[in-house]
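Please open the structure in a viewer and keep the selection panel at hand.

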Amino acid sequence: MKSTIAVALVFACQHAQKAYADTSEVAASIMLGSDRVWRGLSQTRGNPGIEGEAKWNHADGPVAGLVVADYRSDQTGKSGAAITPFVAFNKDIAGFNIDAGYLYRGVTGARNRDFSEVTISAGHYFGKLRTRLGIFYSWHHYLPGQNTYTYFDTRMPIAEVAGLPLAVTGHLGVFDARGNADDYVDWRVGLATKVHGVSLSANLSHADVDAERSRLEGARHGGTRFAGTAFLLF
């Protein structure tokens, strides 16, 4: 009986491995921007930035990857790299795309700036309008206490000009640091298109962060910002 179970387990594992090999996917991307704006705050002190991502995902849900970006602290004046490994699970359920995961956000060149987050979001199409509502929760942050970032994203194709598809994008986010000076709201509106496989976007964003009192990285480069980006998926 034990040998039968062992053979069955080996067969099941081999079958599972083959299924994953047949349906898993590895992707990499690179993004260049005139300013690397994250949650409404510049992470490069208003200068151009670069970000790369490598990701493995499976059609049945598991996702794992790594994001690396340049980083210039407006709190310490030092430069380095923002390194974010993550694991997640993505699944389509009853017309909604559900995404949940864990991220560790680490930086080089800035002391005591690492923190962890868990996230969950739900995306849905209303006709051509794509929407996503989600939240990030950090129980261990470089700010005191526990923090949340709640957001709502939209994307809507609007026209085709000279053979190029145009879409309008929108974003609204709320950072809650338990009622202190670090709380803020940010928004972004933009236009996006794709040329020869390269996704291009132009975005106007604003963050009402209190630059004089906030301890958040990028708070001194909040306010209203404009950034253009070029994104290539390999």
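Select Tyr149 first: its bridge partner in β11 is Phe175. Strands here are DSSP runs (E) of at least two residues, and helices are runs (H or I) of at least four, numbered from the N terminus. Two strands count as paired if DSSP finds at least two bridges between them. The model is a predicted one, in which local features need pLDDT of at least 70 and side-chain atom pairs count only at pLDDT 80 or more, while totals for chains, interfaces and linings use all residues. Residues are numbered from 1 along each chain as its sequence is written, and side-chain values use heavy atoms, with hydrogens and water left out.

β10 (residues 147-161) and β11 (residues 164-176) pair in the antiparallel sense over 13 bridges. They form a hairpin with 2 residues between them. Select Ala162, which lies in the loop between β10 and β11. Its phi is near 50°, a positive value in a residue other than glycine. Ala162 counts as exposed because its relative accessibility is 79%; buried means under 20% relative accessible area, exposed over 50%, and partly exposed in between, with a 1.4 Å probe and protein chains only.

Return to Phe175 and look to the next strand, where its bridge partner in β12 is Tyr184. β11 and β12 (residues 184-195) are antiparallel and share 9 bridges.

Continue to β13 (residues 198-207), which pairs with β12 in the antiparallel sense over 10 bridges. One place to check is Ala192, whose bridge partner in β13 is Ser201. The hairpin of β12 and β13 has 2 residues between the strands. Select His196, in the loop between these two strands. His196 is not a glycine, yet it has a positive phi of about 50°. With a relative accessibility of 81%, His196 counts as exposed.

The next strand to select is β14 (residues 223-233), which pairs with β13 in the antiparallel sense over 10 bridges. Within this pairing, Ser205 has Arg225 in β14 as its bridge partner.

Next, show the surface and select Leu133, Phe152, Leu172, Val174, Val185, Trp187, Val189, Leu204 and Phe226. Together they form a nonpolar patch with about 780 Å² of accessible area. Patches are made of residues with over 30% relative accessible area and no salt bridge; like charges are joined within 9 Å, and nonpolar side chains (Val, Leu, Ile, Met, Phe, Trp, Tyr) within 5 Å. A salt bridge is a side-chain nitrogen of Lys or Arg within 4 Å of a carboxyl oxygen of Asp or Glu. Accessible areas come from the Shrake-Rupley method with a 1.4 Å probe, and for residues only the protein chains shown count as cover. Which element gives the most to the nonpolar patch? It is β12, with 3 residues. Val185 lies in this strand and is partly exposed, at 33% relative accessible area.

Finally, turn to the rings. Rings of Phe, Tyr and Trp (its six-membered ring) pair if their centres lie within 6.5 Å; planes under 30 degrees apart count as stacked, over 60 as edge-to-face and the rest as tilted. By this rule there are 3 aromatic pairs. One of them is the tilted pair of Tyr102 and Trp139, with 6.3 Å from centre to centre and 35° between the planes. This pair links distant parts of the chain, 37 residues apart: Tyr102 is in β7 (residues 96-107) and Trp139 in β9 (residues 129-140).
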